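Subject: Structure handover and findings

Hello,

Here is the structure for you to look at. My notes on what turned up follow below it.

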Amino acid sequence: MGLSSVRVRATAAATLVVALVLGIVALVLVIALRGSLVSSADAEAIRKAEAAAPLAQTIAIVPGTPVQVPAETADKAGLVHLKDGTAAAVADPDVVLTADKGGVIKEWAEPTEYAVAGMEVTTQTGPAMLWSRASLAGAEEAVQTLYGALLPGVPAVLLVVAAMTWFAVSRALAPVAAIRAKVAHITARDLHQRVPVPRSKDEIAALATTVNGTLDRLETAVGTHKRFVADAAHELRSPIATLRARLELAEPSELTREALADIERLQSLAADLLMLAKLDAGEPLRTTELDLGQVAAEASLRARRRPEVQVELDIEPDVVMKGSRAHLDRLVTNLTDNAVRHAASTVRVRVHAEADEAVLEVLDDGPGIPFEQREAVFDRFTRLDEARARDAGGAGLGLPIARDIATLHQGTLVYAGGGFVARFPFCHT
């Protein structure tokens with residue numbers, strides 16, 4: 001489903017939001033850490049300057065010449081007393097005293113490397129500037145350490161977020177997939193089936209309950225319709241048979257012949273409607289092993305004939321399958337009637353075994369069916385214009401009934417080139 005998938009969109013949205021938040025947090029964290037460490041360095045520089053100020057007042061300097069101030073551990077003479085009782089002069093490299101108030105030499109305290117603090121003091125030779133510095137190397141090391149943690153850490157967190165979001169959304173949508181799969185397999189013959197209702201009692205459970213309620217109403221409506229069609233077809237059979245008998249006993253005339261033709265059409269339509277009602281009801285088949293070639297030969301010989309059309313048989317022996325004799329007889333009859341109605345001179349009924357399939361072909365030398373209408377002919381009450389012109393008696397139910405019978409036998413029925421081809425599972429004996 002690509003980018004239209006809910007899982008993809010939810011995962012992408014969650015990952016982008018977390019990435020944005022982590023980016024802002026990381027930026028704030030780096031800025032805050034750097035500012036805190038620089039402030040600490042500034043405070044350290046100020047502390048050094050304040051500590052060295054009293055000592056700087058005892059030093060005499062030459063104007064323009066920087067003088068290093070002894071470390072704060074030295075006494076006023078600039079001496080550090082060692083444990084062995086001796087003394088050594090020590091200068092603090094981070095504190096410098098100069099009479100130049102313009103600033104500190106850049107080479108001594110690069111702005112990017114040190115925090116600098118300045119203080120005015122009075123020395124033995126007059127006013128001077130006391131400068132101190134604190135290294136920013138520790139701050140840079142801390143920031144680099146933070147970068148080292150964030151660079152691999154943020155992608156890892158985003159990967160975990162994407163995986164968890166994908167997993168969570170997949171778990172949440174699993175009932176939807178089950179509902180969709182179930183609904184996709186429900187047909188008019190098995191409207192009694194229902195979609196699974198999850199135990200979560202959330203919106204998806206409400207959706208499943210609503211779908212089941214819709215299926216309940218649909219099953220009731222379709223069942224009522226099927227019963228009506230079956231009852232109507234069944235009730236029509238008796239009065240139609242009685243009317244036909246009376247017309248056959250009446251004085252022959254053009255009017256009675258036309259009436260008998262109409263009665264025959266009504267009988268065929270009632271029989272087709274009754275067969276459709278039985279097929280739609282999904283009644284289980286009573287199957288036995290039978291020879292498809294024998295069924296095809298007997299049924300094709302009973303089909304309606306036109307004097308100018310010849311029916312040829314090409315039957316391969318021992319093409320055995322499991323099925324209902326009555327249903328398969330009706331399938332062959334419908335296909336043969338249709339072929340005879342449209343053939344120019346010849347109809348050929350062929351039965352043979354092909355791999356693990358029993359194949360029935362009913363071919364004719366008629367004009368054929370246009371490619372764009374080869375599936376439409378299997379819709380109920382569909383008749384092509386040519387069929388109407390040739391035979392006003394067709395109701396458009398023969399081919400739909402034949403395909404339903406083929407489907408009921410786990411087979412297929414399609415139009416292929418010069419006629420219809422039905423395939424059924426072969427029964428090995």
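The protein chain has eight helices and 13 strands. Both are DSSP runs numbered from the N terminus: helices are H or I with at least four residues, strands are E with at least two. This is a predicted model, in which local features need pLDDT of at least 70, side-chain atom pairs count only at pLDDT 80 or more, and totals for chains, interfaces and linings use all residues. Residues are numbered from 1 along each chain as its sequence is written, and side-chain values use heavy atoms, with hydrogens and water left out.

Of the 429 residues in the protein chain, 34% are buried. Buried means under 20% relative accessible area, exposed means over 50%, and partly exposed lies in between (1.4 Å probe, protein chains only). Take the contacts with a separation of 6 or more: residues 24 or more positions apart account for 66% of them. A contact means heavy atoms within 4.5 Å.

Salt bridges

The whole structure holds 19 salt bridges. The criterion is a side-chain nitrogen of Lys or Arg within 4 Å of a carboxyl oxygen of Asp or Glu. Side chains of opposite charge can pair when their charged atoms come close.

- Arginine 34 and glutamate 140 form a salt bridge, at 2.9 Å from N to O. This pair links distant parts of the chain: arginine 34 is in helix α1 (residues 6-56), glutamate 140 is in helix α2 (residues 137-185), and they are 106 residues apart. Arginine 34 is partly exposed because its relative accessibility is 31%. Glutamate 140 is also partly exposed, at 32%.
- Lysine 48 pairs with aspartate 94, and their closest N and O atoms are 2.9 Å apart. Again distant parts of the chain are linked: lysine 48 sits in helix α1 and aspartate 94 in strand β4 (residues 91-98), 46 residues apart. Both lysine 48 and aspartate 94 are buried.
- Arginine 306 and glutamate 308 make a salt bridge with closest N and O atoms 2.6 Å apart. Glutamate 308 has 45% relative accessibility, so it counts as partly exposed. Arginine 306 has 22%, so it counts as partly exposed too.
- Asp314, Arg348, Arg350 and Glu361 are joined in a network of salt bridges.

Helices α6 and α8

How do α6 and α8 cross? The axes of helix α6 (residues 325-342) and helix α8 (residues 398-408) come within 9 Å and cross at roughly 145°. Axes here are lines fitted to C-alpha atoms, for helices over the stretch in contact, with angles from 0 to 180 degrees between N-to-C directions. The crossing is left-handed. That term applies if the near helix is turned anticlockwise from the far one by less than a right angle; clockwise is right-handed.

On the α6 side, the contact is made by His327, Leu328, Arg330, Leu331, Asn334, Leu335 and Asn338. On the α8 side, it is made by Gly398, Leu399, Ile401, Ala402, Ile405, Ala406 and Leu408. These residues divide into nine nonpolar, four polar and one charged. Ala, Val, Leu, Ile, Met, Phe, Trp, Tyr, Cys and Pro count as nonpolar; Asp, Glu, Lys and Arg count as charged; the others, Gly among them, count as polar.

The buried residues of α8 are Leu399, Pro400, Ile401, Ala402, Asp404, Ile405 and Ala406. Glutamine 410 follows α8 and has a positive phi, near 55°.

Aspartate 337 is also in helix α6. Its relative accessibility is 14%, so it counts as buried. Beyond neighbours within four places in sequence, aspartate 337 contacts Ala303 and Arg304.

Two serines

Serine 345 lies in the loop between α6 and β10 (346-354). Serine 345 is partly exposed, at 33%. Leaving out residues up to four places away in sequence, serine 345 touches Glu308, Val309, Gln310 and Asp365. Its side chain joins that of aspartate 365 in a polar contact of 2.7 Å. A polar contact is a pair of N or O atoms within 3.5 Å; within protein, one must be able to donate a hydrogen and the other to accept it, and residues adjacent in sequence count only if both atoms are side-chain atoms.

Serine 135 lies in strand β6 (residues 126-135). The side chain of serine 135 reaches the backbone nitrogen of alanine 137 at 3.1 Å.

Best wishes
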